[in-house]
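User: I'm new to this structure and would like a close look at one part of it, the nonpolar core. Could you walk me through that part and how the rest of the chain sits around it?

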Amino acid sequence: MMAMADREGNPLQAGKLYKIDIPAKMPVKQFWALTVYDFSNLSFIYSNTNRTTLSSYDLDKMKKNSDGSVTIYVGPKAPSGLESNWIPTVGKRPIPAVRFYGPTQDFNNKTFKLPDFELVN
């Protein structure tokens, strides 16, 4: 699943901070992964953190919400105290992709809906 716009329908932009809430129960048998690509060339966006992806394998390092979900931030700067939940974009226009490894029937029959990205600032 890829996102080119936020929940208001506005294209994702360089220099803006966005967030997405990843539900605690994702429809996967194996794992999920959120990778952010550069819109201009569809390659990874490298930064000094070398983080291009966060996945269910990173959950033990991320700050979780009270319901077990995690909020992941995508943008040029992490919100204070949430660096472990952040994928840097270094001023590039982001194209986030969420991959579902071993998707369950809820994904395959399209009853699962992933929340949209929201503009933070």
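Analyst: Let's start with a definition: the radius of gyration used here is taken over C-alpha atoms, and the globule rule is 2.2 Å times the number of residues to the power 0.38. For 121 residues, a compact globule would come out near 14 Å, and the chain has 14 Å, so the two agree. Keep in mind that this is a predicted model. Along its principal axes, the C-alpha trace spans about 35 × 30 × 25 Å.

Now for the pieces. The chain has 1 helix and 7 strands, and from the N terminus they run β-β-β-β-β-β-α-β. Of the 121 residues, 40% count as buried. If you take contacts between residues at least 6 apart in sequence, 69% of them join residues at least 24 apart.

On to the core itself. The largest nonpolar core has 22 residues, and Ile22, Met26, Trp32, Ile72 and Phe117 have the most contacts inside it. At least two residues each come from β1 (18-22), β2 (28-38), β4 (70-75) and β6. Strand β2 gives the most, with 4 residues.

Leaving out residues up to four places away in sequence, Trp32 touches Ile22, Met26, Leu54, Ser55, Ser56, Leu59, Met62, Val70, Ile72 and Arg99. There's also a second, separate core of 5 residues, with Leu17, Tyr73, Ala78 and Leu82 among them.

Next, have a look at Leu34, found in strand β2. Its relative accessibility is 0%, and because buried means under 20%, Leu34 counts as buried. With residues up to four places away again left out, Leu34 touches Ile20, Thr52, Thr53, Leu54, Ile72, Ile87, Pro96, Ala97, Val98 and Phe117. Ile72 and Phe117 in that list are also among the residues with the most contacts inside the largest core. As for Ser56, 22 residues from Leu34 along the chain, the C-alpha atoms of the two are separated by 9.1 Å.

One last stop is the largest pocket, with a volume of about 170 Å³. Its lining takes in 13 residues, and Met2, Ala3, Leu114, Pro115 and Asp116 lie nearest the centre. By type, the lining divides into 11 nonpolar, no polar and 2 charged residues.

Methods
Residues are numbered from 1 along each chain as its sequence is written. This is a predicted model: local features need pLDDT of at least 70, side-chain atom pairs count only at pLDDT 80 or more; totals for chains, interfaces and linings use all residues. Side-chain values use heavy atoms; hydrogens and water are left out. On a 1 Å grid over the protein atoms alone, a cavity is a set of points where a 1.4 Å probe fits but cannot get out, and a pocket is an open set with protein on both sides within 12 Å along at least five of seven lines; lining residues have an atom within 4 Å of a point. Grid points are joined across faces, edges and corners, and a volume is the space filled by probe spheres set on the points. Ala, Val, Leu, Ile, Met, Phe, Trp, Tyr, Cys and Pro count as nonpolar, Asp, Glu, Lys and Arg as charged, and the others, Gly among them, as polar. A nonpolar core is a set of buried Ala, Val, Leu, Ile, Met, Phe, Trp, Tyr and Cys residues joined through side-chain atoms within 4.5 Å. Buried means under 20% relative accessible area, exposed over 50%, partly exposed in between (1.4 Å probe, protein chains only). Contact means heavy atoms within 4.5 Å.
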